[in-house]
Amino acid sequence: AKLATCDSSLLHCCLIHNPNRLGVRLARSRMLSSLLFTIFVGTSAVRTLEGGHVIEKTRGCLCFDQGICSSCDMEECPFVGGISYVRGLGTGGTDSLNGFAAWTVKAVNGKHYIVKFGGTETHKKEALQAAQIAHALHVMTPKQLLIDYASCASLWDEGFGDASFEDHEGRNAATTKAAFIKSLDDKRMSKIAVQEHAGYATFPSQITNIERSFWYQAGAISAFDWITGKSDLFNDLSLEWNDDIEEEDRAKTVYRHNIYFDTRKLVAIDLGINMQEVTWELWDQLLEQIPSSSSATDLTWVKKVLFPMLAMMKAGGDHDSIENFGRFKLEDLSGWDPQLSPWLTMLGLTKTIKKALEMLQMFAAAETAPAHAQFLSSLTGMQHVTAKVGTLGESLSRKVQQLDNYVTREVKERKEASYVCCKVECTRRWGYGIGRSKCKVKSEHALMKLETALAFVGGFVKSVPEESCEDITSYRLSKKTQMSNQNQEAAKLRDQYCDCGNEKKQRIKLISANRNDCSNA
């Protein structure tokens with residue numbers, strides 16, 4: 001195979017093959033040549049498809065090879081030009097320094113980052129390596145970078161200008177600024193951990209819409225936390241945590257804050273490895289149940305820990321049912337659907353485990369295992385997975401493929417069902433406004449998405465699902481709003497479909513048509 005470089009931030013099929021730098025040689029087996037899997041390996045890689053064809057060449061980056069960045073998309077100091085806002089976060093924990101565990105820092109370019117001064121350099125490097133693995137497994141986690149004065153002098157030298165400071169309660173600007181400056185002085189010659197703020201993080205386009213979805217990431221992040229042995233979230237709770245006052249209190253006050261959560265997105269934060277208090281017997285039980293399970297609702301740990309915890313997060317710390325997650329939205333697969341949500345969770349869980357196993361198996365064929373394989377194989381949770389390979393067997397690959405097919409087909413069919421084919425009718429005023437006539441159309445048919453509209457029902461305003469093109473016209477394209485020029489959606493549709501010249505009193509109307517009429521719409 002021809003050699004190329006593999007950017008660690010891109011997610012395609014990468015195989016190590018560079019004996020001059022890594023001393024790695026892949027066995028020339030058909031299995032390895034056909035593996036369609038991504039491994040982040042910095043600059044030393046070649047990207048192939050089945051049959052050995054190189055599909056894309058990309059650059060790598062020195063910081064990835066040196067182990068100081070998790071992705072080549074974030075390899076340079078982000079604070080060039082200075083900072084405009086600093087907020088101290090937390091006051092305790094092992095990573096606390098000068099009264100704060102971490103800092104939110106806004107650069108002058110408008111981007112937000114989390115900066116950690118405290119903690120050992122070993123812990124910071126382990127977290128960065130975990131992020132590299134997470135990127136490869138399509139587990140959503142912010143990109144990370146280790147900086148010091150030599151690599152990012154701007155953070156020390158640019159000055160703060162008009163930057164505002166506040167603590168986690170939004171107060172004490174002077175003391176917070178003093179603590180930040182002291183932390184900079186204390187760590188001038190040490191490595192400082194910088195990561196994207198989860199709320200502002202961007203993720204590679206290679207992560208599919210299904211993989212970005214809330215429920216897929218619920219499964220993927222869970223599997224990743226089990227593999228890495230990251231506790232303080234889900235996997236150190238017992239199955240009866242709801243009935244234990246101390247466990248429930250920890251879940252409410254601590255654990256639910258250790259992941260970036262909103263109802264449409266989950267992001268893994270504060271990564272760690274081989275931590276204490278992980279309930280490994282539940283991981284073993286989960287691995288044993290996967291081969292005979294078709295949905296996440298079949299898994300004891302998911303039913304009793306993961307879903308109840310997510311429901312509690314949604315309810316702001318109160319107990320609630322997972323079914324109350326809100327109306328399911330096909331646009332981003334958020335909200336709760338009794339079929340698709342558990343399928344997505346199961347897919348994220350099993351696919352992440354499968355990818356991690358493939359990563360190890362690929363490197364096992366090499367004469368010398370590179371650092372990433374050594375790191376992955378050292379993780380306690382991964383050791384539990386490899387010990388269960390006999391139980392999982394080939395059924396894991398079949399299950400992932402089956403789930404992938406189910407989810408993809410179901411989403412496709414539902415999206416198609418949520419669109420209707422409409423015949424377009426455009427009219428204009430004539431005869432001093434006493435009549436109307438049809439005018440030309442740019443396209444005779446439009447494929448329209450059915451939505452939920454607000455309408456008066458029984459004297460009350462209620463949400464009403466649209467069922468036809470006539471409903472769209474009635475709810476969204478009313479004559480009154482069009483004639484008063486208050487309907488922006490109607491104006492956009494007229495610009496797209498109508499050819500009525502310069503007449504001001506134009507209207508568009510949608511009429512139900514045969515779906516085949518929209519084959520070219």
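How many salt bridges does the count come to? The count comes to 21 salt bridges, where a salt bridge is a side-chain nitrogen of Lys or Arg within 4 Å of a carboxyl oxygen of Asp or Glu.

This is a predicted model, in which local features need pLDDT of at least 70 and side-chain atom pairs count only at pLDDT 80 or more, while totals for chains, interfaces and linings use all residues. Residues are numbered from 1 along each chain as its sequence is written, and side-chain values use heavy atoms, with hydrogens and water left out.

Side chains of opposite charge can pair when their charged atoms come close.

| Salt bridge | N to O distance |
|---|---|
| D270 and K116 | 2.8 Å |
| R171 and E169 | 2.3 Å |
| K354 and E358 | 2.9 Å |

K354 and E358 are four residues apart in helix 11 (residues 340–364), so about one helical turn separates them; helices are DSSP runs of H or I with at least four residues, strands are runs of E with at least two, and both are numbered from the N terminus. Both K354 and E358 are buried, whereas D270 is partly exposed at 31% relative accessibility; buried means under 20% relative accessible area, exposed over 50%, and partly exposed in between, with a 1.4 Å probe and protein chains only.

Away from these pairs, V305 lies in helix 10 (residues 300–314) and is buried, with a relative accessible area of 0%. V305 is 67 residues from S238 in sequence, yet their C-alpha atoms are 7.7 Å apart in space.
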